[in-house]
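Dear colleague,

Please find below the structure I am handing over to you. My notes on the ligand site and on the pocket analysis follow it.

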Amino acid sequence: MLQDYQLLRIPGPTPIPPSVERAMAKPMIGHRGNETSLMIQNIKPRLKKVFGTTQDVMMLTGSGTSGLEAAIVNVVKPGDKVLVVATGVFGNRFTKICEAYQINVEEYKVEWGTSLNPAEIAEYVKANPDIKAVFSTYCETSTGVLNPVGKLAQAVHAVNDETLVIIDGVSCMAGVETKMDEWGIDVVVTGSQKAFMLPAGLNFIAVSERAWKVIESNPKKGFYLDLTKYRDNLAKDTTPFTPALSLLFGLEQTLENFEQEGLENVYARHQLMRDMTRAAFKALNLPLFASDEDGSPTVTSVKPDDFDPEAFRKVLKADFNLSIAGGQQTLKGKIFRVGHMGYCAPTDVLQYVAAMEIALVKVGKDIQLGAGVAAAQAVYLQNTTEKVAQ
Ligand SMILES: *Cc1c(COP(=O)(O)O)cnc(C)c1O
């Protein structure tokens with residue numbers, strides 16, 4: 001009966017709005033025709049706003065990781081030394097991709113659950129002037145931490161203007177503001193299946209002038225991932241290879257939806273969902289894994305000390321078909337993570353908190369039913385009373 005009833009609250013893939021689903025069901029069109037070019041023309045300026053850049057944002061077919069790999073093969077020349085600031089699983093991924101290309105990679109490890117310290121990284125770059133590029137993660141999805149990547153870029157460039165700063169923004173962009181140009185970030189990568197409310201399969205990459213110079217002088221950029229091909233074709237409103245047209249239909253609609261809501265309102269909604277979720281978890285004595293300062297507007301993680309997070313997740317799935325995520329790698333079995341991004345509203349927060357309270361009782365945690373929901377409601381009211389009074 002309830003086969004279609006999916007409460008998907010993992011940090012990606014995320015639910016897809018009906019308007020986007022409808023857009024993706026449109027009949028196929030020719031990828032070299034005028035209709036496709038018009039669609040790309042329509043997408044281009046709107047994507048730039050999400051990135052906070054005047055650069056064209058390239059669109060590649062592939063999941064987020066292919067975008068990370070593209071960033072690496074394009075900006076890192078053979079023999080270059082790079083630094084990966086690893087705040088969790090996705091920081092590690094940069095290291096692994098670099099290793100797969102025999103790149104000379106150093107890892108700056110940050111304790112999982114905390115954010116990177118821009119001044120420390122800048123010191124490290126200053127002491128190691130042979131580091132050509134610094135890689136880091138905007139929202140570290142595995143821990144629920146939002147890293148201060150703008151401050152990182154500014155701090156690194158203050159000590160060495162040549163060092164490139166490359167950011168994985170997959171799990172937060174379009175949910176939190178990104179000011180690529182103002183912050184001086186050199187390469188920003190994001191994917192379609194998180195706050196962009198689309199299925200997996202597209203990734204978006206923007207590159208600074210400084211990074212284009214490096215890319216142009218790089219003799220080994222791969223073939224499919226060579227970003228100069230995407231740049232040159234995009235200038236002519238086309239793509240070097242067959243684009244994932246159905247996903248582009250959906251993207252066009254997503255960007256239209258962002259425009260209707262207003263990007264600032266989209267970001268404010270994510271902030272509110274974060275604050276409601278955190279207040280609810282505090283009221284239920286659930287230990288938050290990231291601090292108030294570091295907690296991401298798109299994903300919240302909890303490290304319980306008096307029940308098994310896997311048993312908790314099982315109850316949510318069995319009773320409500322509500323999916324939340326567990327921990328990855330060293331955090332496996334130790335934390336749970338709830339995604340609140342993309343097609344997600346404050347009422348969804350009230351819903352998952354209410355369901356979680358029931359599941360908490362079922363796994364034996366001593367709580368007062370309704371305490372989490374009441375705390376989330378209070379945060380909602382604090383943030384919206386002005387609007388109510390009008
Ligand atoms: C989801 C995610 C990715 C992309 O993973 P894919 O499975 O390749 O789409 C990359 N980085 C971060 C931070 C993510 O959350």
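**Ligand contacts**

An oxygen atom of the ligand lies 2.4 Å from a side-chain N or O atom of Thr-141, a polar contact being a pair of N or O atoms within 3.5 Å. The model is predicted: local features require pLDDT of at least 70, side-chain atom pairs count only at pLDDT 80 or more, and totals for chains, interfaces and linings use all residues. Residues are numbered from 1 along each chain as its sequence is written, and side-chain values use heavy atoms, with hydrogens and water left out.

A polar side-chain atom of Gln-193 is 2.7 Å from a ligand oxygen, and a polar backbone atom of Gly-64 is 2.9 Å from a ligand oxygen. Of the 390 Å² of accessible area that the ligand has on its own, the protein covers 87% (Shrake-Rupley method, 1.4 Å probe).

The shell around the ligand holds 13 residues (a heavy atom within 4 Å of the ligand); Ser-63, Thr-65, Thr-141, Asp-168 and Lys-194 are the closest.

**Largest pocket**

The largest pocket has a volume of about 310 Å³, the space filled by probe spheres set on its grid points. Such a pocket is an open set of points on a 1 Å grid over the protein atoms alone, where a 1.4 Å probe fits, with protein on both sides within 12 Å along at least five of seven lines. Its lining comprises 14 residues (an atom within 4 Å of a point); Leu-146, Asn-147, Pro-148, Val-149 and Lys-151 lie nearest the centre.

With kind regards

Notes
Polar contact = N/O pair within 3.5 Å; in protein donor to acceptor, adjacent residues only side chain to side chain.
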